[in-house]
Amino acid sequence: MSPVSERVANKFDEFEEEMQETTAGPSTLLFAIATGVIVTNLFAPQTLVGVIGPSLGFSENSAGLVAMASLLGYAAGLFFLVPLADLVENRRLVLRMLVSALVAAVAAAFAPTGWSLLVFLFLLGAACSAIQILVPIAAAMTPPEHRGRVIGNVMSGLMVGILLSRPLASLVADIWGWRSFYAVSAAALALLTGVLALRLPERRPLVSTGYASLIASLWHLLRDEPVLRIRAFTAALVMASFSLFWTAVALRLAQPPFSLGQADIALFALVGAGGAAATSPFGRMGDRGWTRMATTASHLILIGAMALSAWAGEAKTGHPVFFLILLGAGAVMLDVGVTGDQTLGRRAINLLRPEARGRINGLFVGIFFLGGAVGSALAGTAWSWGGWTAVCAAGAVFGAAALLSGFATRS
């Protein structure tokens, strides 16, 4: 190639990279908003268990099933629906799943019995796994050297949605009742579906195989990719701790000395949203090669959060407002720790096989949401057995297990 031709080629490459960065910003923002809107359906039940349980006849011990149902459905969707992203055109798949989520949200708003609500929440959670088709689309549009930053930005939307879902659900339930939350969610999903139908780019998969072979390949991916195995396992442990805390904290805040109502619990949950600010910094640390150090830090922060929360929630002397502030600080620390682990884990697994990105994301998130479902289910048992101290102790045990497991990988 002549010097002139080489300079022209270099200029073209620079122009192409500049255009890619220019278009990536609005697309990343759209994906962040979309994931934030969708994910609210998965975590809102955690703060609504106190009002849903009595209205539909759930005992205190089984109230955790309400929070578990959508997470379990989400995990099922990740294992059996998200792999389709490697088989069929992604835009069409996302839109169909969002329409299904809309229908399930409407059904949940009118659920006549507790068991029917659990079924509708399971289906809603499965359809919401469309989130994990959007994340690989964002990753595929980004050069590898900037992938951590973009995934971190999209994850910011996801974490904001997770953290705002609880106060939003509490506020709506306090004003109009818990069923109204799902009506509001259905309206938001309808609006989001319309916007994505206009703006979502097509992404055609690289794999040509049958659905049965695609699902069977999940085991091979898990077997052959140690980074995926370890990252998914530690993420599951962290998510179990997260779900334990946020499912049980509403029960603790409703008791003396705090005695908070649903609206006040919503404000407390809003405090935890500050943890989403850590998403982008953790993504940048991963891009700089600080993955091991940042992962360890996130797990230590989580364990510290559980210790602080246990002390603040069971203190016998002192002003309740002071301990409420400390409990809020523990919630922020918990969300920072979880955010760090999730962001670094997603970055690591999105650097694996491009042709299997949909299945890899499905496996990773499916496994860690199984951990979340386990945490939600255990919350009621831990609460009945030993109150708030038992809840925090169980969360700390999960965090310690994640810390030890994290030493097994450098990615």
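**Exercise 1. Which residues do ring pairs link into a cluster?**

Solution. Ring pairs join Phe 43, Tyr 74, Phe 242, Phe 364, Phe 368 and Phe 369 into a cluster. To see what surrounds one of these residues, turn to Phe 369, which touches Leu 42, Phe 43, Leu 71, Tyr 74, Ala 75, Leu 78 and Met 239 when residues up to four places away in sequence are not counted.

**Exercise 2. Classify the pair formed by Trp 246 and Phe 268, and locate both residues in the chain.**

Solution. Begin with the rule that ring centres must lie within 6.5 Å to pair, by which the count comes to twelve aromatic pairs. The ring centres of Trp 246 and Phe 268 are 6.1 Å apart and their planes stand at 55°, so this pair is tilted; planes would have to be under 30 degrees apart to count as stacked, or over 60 to count as edge-to-face. Finally, consider exposure, for which buried means under 20% relative accessible area: Trp 246 counts as buried at 2% relative accessibility, and Phe 268 counts as buried at 6%.

**Exercise 3. Describe the fold elements of the chain and its largest nonpolar core.**

Solution. The secondary structure comes to 14 helices and zero strands. Of the 411 residues in the chain, 57% are buried, and among contacts between residues at least 6 apart in sequence, 86% join residues at least 24 apart. The largest nonpolar core has 123 residues, and those with the most contacts inside it are Phe 43, Leu 196, Phe 242, Trp 246, Leu 334, Phe 369 and Trp 388. Helix α14 (residues 357-406) contributes the largest share of this core, with 17 residues.

**Exercise 4. Where in the chain is confidence lowest, and where is it highest?**

Solution. Start from the whole chain, which averages a pLDDT of 82, with 85% of the residues scoring at least 70. By element, confidence is lowest in helix α1 (residues 3-56), at a mean of 65, and highest in helix α3 (residues 90-109), at 95. Over residues 1-24 pLDDT stays under 50, and the model has five contacts beyond four places in sequence for this stretch. Where pLDDT is low, predicted coordinates should not be read in detail.

Definitions and conventions: Residues are numbered from 1 along each chain as its sequence is written. This is a predicted model: local features need pLDDT of at least 70, side-chain atom pairs count only at pLDDT 80 or more; totals for chains, interfaces and linings use all residues. Side-chain values use heavy atoms; hydrogens and water are left out. Rings of Phe, Tyr and Trp (its six-membered ring) pair if their centres lie within 6.5 Å; planes under 30 degrees apart count as stacked, over 60 as edge-to-face and the rest as tilted. Helices (H or I, at least four residues) and strands (E, at least two) are DSSP runs, numbered from the N terminus. Buried means under 20% relative accessible area, exposed over 50%, partly exposed in between (1.4 Å probe, protein chains only). Contact means heavy atoms within 4.5 Å. A nonpolar core is a set of buried Ala, Val, Leu, Ile, Met, Phe, Trp, Tyr and Cys residues joined through side-chain atoms within 4.5 Å. pLDDT is the predictor's confidence in each residue, from 0 to 100.
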